[in-house]
Amino acid sequence: QLQLVESGGGLVQPGGSLTLSCAASGFTLDYYGIGWFRQAPGKEREGVSCISSSGGSTYYADSVKGRFTISRDNVKRKVYLQMTNLKPEDTAVYYCAADWRVTTVQALCAPGYEHAYWGQGTQVTVSS
């Protein structure tokens with residue numbers, strides 16, 4: 001069974017840090033671009049950060065540039081999202097998604113694109 005499983009969410013104070021993980025099971029990530037998305041209550045899904053299959057190209061939403069870092073380890077079949085200087089507006093359910101069909105990280109992070117595989121999400125809450 002092909003699955004993506006996110007982990008690492010939780011409650012953190014403003015200014016704090018978290019690292020999310022996205023683990024693939026049932027398939028290799030080598031040929032897949034991976035994206036991190038988030039959705040807060042009452043808001044549309046947002047493409048946060050995406051990385052190409054090789055890791056050579058990355059994309060960050062303006063709202064997270066300089067604070068979040070995406071990386072991947074294809075041997076471990078994992079993709080990470082390091083989040084620093086977290087703000088209350090970062091509070092959301094974070095999802096990872098995988099797809100092999102798009103050729104740019106900008107397209108991979110388009111919120112309306114229907115990726116081949118999605119994880120179940122992990123909650124991130126930033127609050128004092």
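A salt bridge here is a side-chain nitrogen of Lys or Arg within 4 Å of a carboxyl oxygen of Asp or Glu. The legends below refer to a predicted model.

**View 1. Salt bridge between R101 and D99.** The side chains of R101 and D99 come to 2.5 Å, N to O, so the pair falls within the 4 Å limit. R101 is partly exposed, at 45% relative accessibility. D99, by contrast, is buried, with a value of 1%.

**View 2. Salt bridge between E46 and R38.** A distance of 2.8 Å, N to O, separates the side chains of E46 and R38 in this salt bridge. R38 has a relative accessibility of 6% and counts as buried. E46 is partly exposed, its relative accessible area being 27%.

**View 3. Network around R38 and E46.** Salt bridges link R38, E46, R67 and D90 in a network.

**View 4. Salt bridge between E114 and R45.** The side chains of E114 and R45 form a salt bridge at 3.9 Å, N to O. E114 lies in the loop between α1 (105-108) and β10 (117-118), and R45 in the loop between β4 (33-39) and β5 (46-51), so the pair ties together parts 69 residues apart in sequence. E114 is exposed, at 53% relative accessibility, while R45 is partly exposed, at 23%.

**View 5. Salt bridges in the whole structure.** Six salt bridges are found when the whole structure is searched.

Note on methods. Residues numbered from 1 in each chain as written. Predicted model: local features only at pLDDT ≥ 70, side-chain atom pairs only at ≥ 80, totals over all residues. Heavy atoms only, no water. Buried < 20%, exposed > 50% of the residue type's maximum accessible area, 1.4 Å probe, protein only. Helix = DSSP H or I, 4+ residues; strand = E, 2+ residues; numbered from the N terminus.
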